[in-house]
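User: I have a structure open and want to learn how to read it. Where do I start?

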Amino acid sequence: MTTNQTAPMFKENREKRFAFNVKYGVFWPPFLLLLVAVIFSFVNLEEYMRIASQMNDWILSTFSWLFSLSSFCLLISLIAAYFSPLGKIRLGGAAAKPLLTKWQWFSITLCTTVATGILFWGTAEPMFHLYQPPESLGIVPQSTEAIQFTMATMFMHWSITPYAIYCLPALVFALAYYNFQLPFSIGTALSPIFGRWVQGSKGQVIDAIALFALVAGMASSLGTGVLVLSGGVESVFGLPNDKTVMAIIAIAIVITFIASAVSGLQKGIARLSNINAQVFILCCAFVFMFGPTQYILSIGLDGIIDYFSHFFARSFNTYTGPEDNWPKLWTVFYWANWYAWAPITALFLGRIAKGYTVRQFIIVNAVLPATAAIVWMATFAGTAMHLDNITQGSLHQVMQEKGVEAVIFTLFDNLPLAAMTTAIFIAITFISYVTAADSNTDAMSNLCAAEPSETELNSKENNRNIENQSAKSKMLLKFVWGISIGVIAWVMVSFASIDGIKMMSNLGGLPAMFIIIGTNIVLFKLIYHAYKGKTFEPVKINN
C-alpha cells in the first residue's frame, strides 16, 4: 500500500464529543451503568446482592469452560508468535527508538500487572487450599499432598497463563498502533481482521465494554488493597477495621494515583514503578533469607513439578470431578479478574513498548513477570504454610477470626524486625495499587478523550487551543474515573466484602474475554502475514 492510497477499512469516523472533548459513546455508558449499580447498592443492598449473585452464578456456570479454553489458547498463541517470523518485527518499525530503558520497561510492566493481588493472596489463598482442597481429589487437609497441591495451584493462578491474558492483546495493539498507525482504541487491536466493524460507533461500543470491564476490575483490586491496608493499620496502630478507616484509605489511594497519572509517564509512573519493583525484590529476599529457606526451596520445586505435570488438566479444569465447583470458585474467578483488566491495560503496555521486538515484548510482558510471580509465591506461600504447620494452625485461625487481610501481618509478626517489615509492607501495598491504577487511569483518559479532526488543526493558534483543551479534558477524566473507582471499591468492600469483589471482577471479565478472543484471532492473521513476508513497516494512511 502506498502512502497516497486510502484504506477504507482503517478510516476513522469523526468522534462525537461534548464540551470537554469526550467521546460520549465511550464515556457515558459504562459511567452511568456503574453509577446505577452504586446507587442501587445504597438503596437496596439485599436486592442488589441477590441480582449480582445470580448474574455471577450464571457467568460461572455458563462460561467457565470458555474462560479456561481461551486462556490456554492465548498462551499457545504467544508461543507460536515468539518462534514465528513475527518475533523479529520491531514495534514502530526497524528504525524505532525505545521510549524506556529495559529496566524501566520491565519495572513498569511488573508493577502495572501485579498490583495488590499478589500481596493480598500470596499468604491468604494458601490457607483456603490447604484446609479446603477440592473434595473430588480426596486430598486430606493439611497433609503433604495438600501442601503440594496448594503450591502448584498458586503457580497456576499467578504465573504464565494470567500474564498471557495481558501480553497477547497488548502485543496486538502495539503492532496495530505503531506499525499500522491506527488510532488509540481497543478497536485498533481488532481492525486488521474486522475492519470497519470495529470503527466509528461500533468501535466506541467495544471501548465502552472494555472500560466497564476495567473499572470493575480496578474497583476489585482497590477493594483488595483497602482490605490489606486496613488490616495493617489495625495491626500497627490498633485502629478499628471499619468502614470509616476503609474510606480514608481509599481516598488516600485515589488522590495519590490521580496525582501520579496527571504527572505523566516519565515523572510519575516510571519513578513509582522503579521504587516499587526494588522494594518488591528486597521484601521477597528478606522473607526468603529469614524465613524457612530450605523449606521454600523444597516445596517450591515440588510445586513446579506438580504444576507442569498437571498443566493441561489444570488448564481445562479436568483434574476435579464434573460436579466439583472448586475450579469455578477459584481458577475461573482469577481468569475473569485478569480478563477484566486486560483490554485497557493492553493499551498502556502496548504504548510503552515502542522500539522493542515482538520477542522482547513477550519476554518482558509474560516470561519475566511470570517467573517473578513463581519466586514470590514460592517464598510467601511456602513461608505461610510452614508457619501455619509449626504453630498448630495459627494463620488459619487468624484468617477465621480477623479476616484474610490479617494473615500477612501475622506472618511478619513471626519474622525478625516485625514492626519495620510490617510498615514497609503497608507502604508497598499502597504504592503497588497506585502504580497499577495510575497507568490504567492514564489509558482510560486517553481512550475517552476525543481527538481533534484535521480541519480543526489548520492553524497554529487553533492547534494550541485544541491541544490545551484536550489536555484539560484528559486531566478531568482522570479525576472522574479515579473518584468513581474509589467510591465503587469502598461500597463493595464495606457492604459486600470479598464476595462483592469477586462478583464485580467476574461481571467485568465476561465482556472483556470476548474482546481478547478477538485479538487472538488477529494475532494468527499477523503471524500468517509474517510468514508470507509482508512488511510491518509503518505506513501513514490518509483519512
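Analyst: We will look at one helix and then at salt bridges. Keep in mind that this is a predicted model.

User: What span should the 15 residues of helix α5 have?

Analyst: Count 1.5 Å a residue. Helix α5 covers residues 144–158 and should span 21 Å. The C-alpha atoms at its ends are 22 Å apart, which agrees.

User: How many residues of α5 are buried?

Analyst: Buried means under 20% relative accessible area. In α5, 12 of the 15 residues are buried, so the helix is largely enclosed by the rest of the structure. Among them are Ala 146, Ile 147, Phe 149, Met 154 and Trp 158.

User: Now the charges. How many salt bridges are there?

Analyst: Side chains of opposite charge can pair when their charged atoms come close. Here the count is two salt bridges. In one, Glu 47 meets Arg 50 at 2.5 Å, N to O. In the other, Arg 314 meets Asp 306 at 3.3 Å, N to O.

User: Where do Glu 47 and Arg 50 sit in helix α2?

Analyst: An α-helix has 3.6 residues a turn, so residues three or four places apart point the same way. Helix α2 covers residues 45–83. Glu 47 and Arg 50 are three residues apart in it, so about one helical turn separates them.

Notes. Residues are numbered from 1 along each chain as its sequence is written. This is a predicted model: local features need pLDDT of at least 70, side-chain atom pairs count only at pLDDT 80 or more; totals for chains, interfaces and linings use all residues. Side-chain values use heavy atoms; hydrogens and water are left out. Helices (H or I, at least four residues) and strands (E, at least two) are DSSP runs, numbered from the N terminus. The expected span of a helix is 1.5 Å times one less than its number of residues. Buried means under 20% relative accessible area, exposed over 50%, partly exposed in between (1.4 Å probe, protein chains only). A salt bridge is a side-chain nitrogen of Lys or Arg within 4 Å of a carboxyl oxygen of Asp or Glu.
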